[in-house]
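Please consult the sequence and the structure shown below while reading.

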Amino acid sequence: MKIKYLLILSFISLVVYAGEVHIETKGSLIRNDVFDAKRDRIEAYRDAEALRQLDNELPAIDISATCLLLKTGRDIYFCVRNRRYYQQFIEDNEKHYRVLSILERQQQLQ
């Protein structure tokens, strides 16, 4: 019985005096890279949206004569010269056109 206690005590003492244990995690480095990439995609999306909004704010000339009418009812036009889709809307009895995003274009043309 004493031998068992002596062996257990010696084993515990060896574990205690083994020294410091350093745990290195490389997962945090990967996560930082993932978050950096996500942040870059968010910034690129915001920049693209800002450019699209700026495009929509610019006054558009009457494109109905220079672009192809793809769908009536919603009056969606496609211009070959800049490969963009426009939707016509009337405000104050004037025709205005706004550039459709890719998602809007897919939804509108279905």
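Which residue takes a positive phi in the hairpin of S3 and S4? Asp92 does, with a value near 55 degrees, and this hairpin has two residues between the strands.

## Basis of the model

The model is predicted: local features need pLDDT of at least 70, side-chain atom pairs count only at pLDDT 80 or more, and totals for chains, interfaces and linings use all residues. Residues are numbered from 1 along each chain as its sequence is written, and side-chain values use heavy atoms, leaving out hydrogens and water.

## The paired strands

Strand S3 (residues 84-91) and strand S4 (residues 94-99) run antiparallel and are joined by six bridges. Strands are DSSP runs of E with at least two residues, helices are runs of H or I with at least four, and both are numbered from the N terminus; two strands pair if DSSP finds at least two bridges between them. Gln88 has Tyr97 in S4 as its bridge partner.

## The disulfide

A search of the whole structure finds one disulfide (a pair of cysteine sulfur atoms within 2.5 Å). It joins Cys67 to Cys79, with an S to S distance of 1.6 Å. Because the torsion about the S-S bond of Cys67 and Cys79 is about 85 degrees, the disulfide is right-handed.

Cys67 lies in the loop between helix H2 (27-57) and strand S1 (68-71), and Cys79 in strand S2 (residues 76-79), so the pair ties together parts that are 12 residues apart in sequence. Both Cys67 and Cys79 are buried (under 20% relative accessible area, with exposed over 50% and partly exposed in between, for a 1.4 Å probe and protein chains only).

## Arg105

Arg105 belongs to helix H3 (residues 102-108) and counts as partly exposed, at 24% relative accessibility. Leaving aside residues up to four places away in sequence, Arg105 touches Tyr85 and Leu100, where contact means heavy atoms within 4.5 Å.
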